[in-house]
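Please walk me through this structure in the viewer. Tell me what to select at each stop and what is there.

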Amino acid sequence: MKPLFILIAVLVNLQSAAQTIQIDESKSKIAFVFVDDDVDGTFSEFEFTGNIDLNNLSEATFSGTVATETIDTNNWLRNWSLRSKKYFNAKDFPKLSFKSISVQGGSGKEFLVNGTLTIKGISKPVTFTFHKQPSSLYATAMINASQFDINIHKENDRNMVQVMITMPYITN
């Protein structure tokens with residue numbers, strides 16, 4: 001009988017140590033800055049499908065999508081152009097997606113999430129640097145848009161984009 005009580009106590013303690021969070025998709029923000037031109041914008045219709053335990057980040061999964069057609073740069077003509085076949089091709093590729101492969105660090109307030117970013121059906125490795133904040137996760141990464149066949153400029157090195165993600169969460 002004593003081993004059963006010990007097992008129950010251990011399981012209760014393990015469960016209380018977990019800090020699984022639920023991402024608030026409606027308040028999340030996916031933003032970007034096209035560095036060379038200082039053009040910023042956002043994507044919306046964020047759908048998060050990962051699983052995050054803040055006390056065990058090495059086992060966490062980060063995955064989600066945004067709707068390509070929701071790109072917004074506060075310029076309707078630019079938005080229309082970016083949605084076209086020449087750039088994001090929103091008609092044929094309605095979603096941009098990210099799926100984590102591994103998480104490194106996590107003992108402090110900063111950790112790295114390595115994964116695959118897919119834009120226009122092209123998948124490339126990307127590493128996001130995440131920062132834990134009291135009620136949200138904030139992430140940044142630099143990508144080269146030309147790797148995803150989005151060439152604003154002819155020179156590849158002028159197609160750098162900083163991506164910023166803010167994901168408010170609720171602790172379960």
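Is Glu47 buried, partly exposed or exposed? Select Glu47 to find out: Glu47 is partly exposed, because its relative accessible area is 41%. Keep in mind that this is a predicted model.

**Stop 1: the partner of Glu47**

Lys95 forms a salt bridge with Glu47, and the closest N and O atoms are 3.6 Å apart. This pair links distant parts of the chain. Lys95 sits in strand E7, while Glu47 belongs to strand E4 (residues 47-48). The two residues are 48 residues apart. Lys95 is partly exposed, with a relative accessible area of 36%. Side chains of opposite charge can pair when their charged atoms come close.

**Stop 2: the whole chain**

Zoom out and show the protein chain as a cartoon. Two helices and eleven strands make up its elements. Trace them from the N terminus: the order is α-β-β-β-β-β-β-α-β-β-β-β-β. Now switch to a surface. The accessible surface of the protein chain is about 10200 Å², and carbon and sulfur atoms hold 54% of it. Of the 172 residues in the protein chain, 41% are buried. For contacts with a separation of 6 or more, 53% join residues 24 or more positions apart.

**Stop 3: the largest nonpolar core**

Hide the surface. Select Ile52, Phe62, Phe88, Phe128, Phe130, Leu137 and Met167 and show their side chains. These residues touch the most other members of the largest nonpolar core, which has 41 residues.

**Stop 4: Leu137**

Leave aside its neighbours within four places in sequence. Leu137 is then in contact with Ile21, Ile52, Leu54, Phe62 and Phe111, among others. Its contacts also include Phe130, His131 and Lys132. Finish the set with Ile165, Thr166, Met167 and Tyr169, which Leu137 contacts as well.

**Stop 5: Gln147**

Move to the loop between E10 and E11, where Gln147 is placed. Gln147 counts as partly exposed because its relative accessible area is 44%. Which residues does Gln147 contact, leaving aside its neighbours within four places in sequence? They are Ile122 and Lys124.

**Stop 6: more salt bridges**

The structure holds five salt bridges. Select Asp24 and Lys27, whose side chains meet in a salt bridge at 4.0 Å, N to O. Asp24 is buried, because its relative accessible area is 18%. Lys27 is exposed, because its relative accessibility is 60%.

Next, select Glu155 and Arg158. Their side chains meet in a salt bridge at 3.4 Å, N to O. Glu155 is partly exposed at 39% relative accessibility. Arg158 is partly exposed too, with a relative accessible area of 31%. Asp36, Glu155 and Arg158 are linked in a network of salt bridges.

Technical notes:
Residues are numbered from 1 along each chain as its sequence is written. This is a predicted model: local features need pLDDT of at least 70, side-chain atom pairs count only at pLDDT 80 or more; totals for chains, interfaces and linings use all residues. Side-chain values use heavy atoms; hydrogens and water are left out. Helices (H or I, at least four residues) and strands (E, at least two) are DSSP runs, numbered from the N terminus. Buried means under 20% relative accessible area, exposed over 50%, partly exposed in between (1.4 Å probe, protein chains only). Contact means heavy atoms within 4.5 Å. Accessible areas come from the Shrake-Rupley method with a 1.4 Å probe; for residues, only the protein chains shown count as cover. A nonpolar core is a set of buried Ala, Val, Leu, Ile, Met, Phe, Trp, Tyr and Cys residues joined through side-chain atoms within 4.5 Å.
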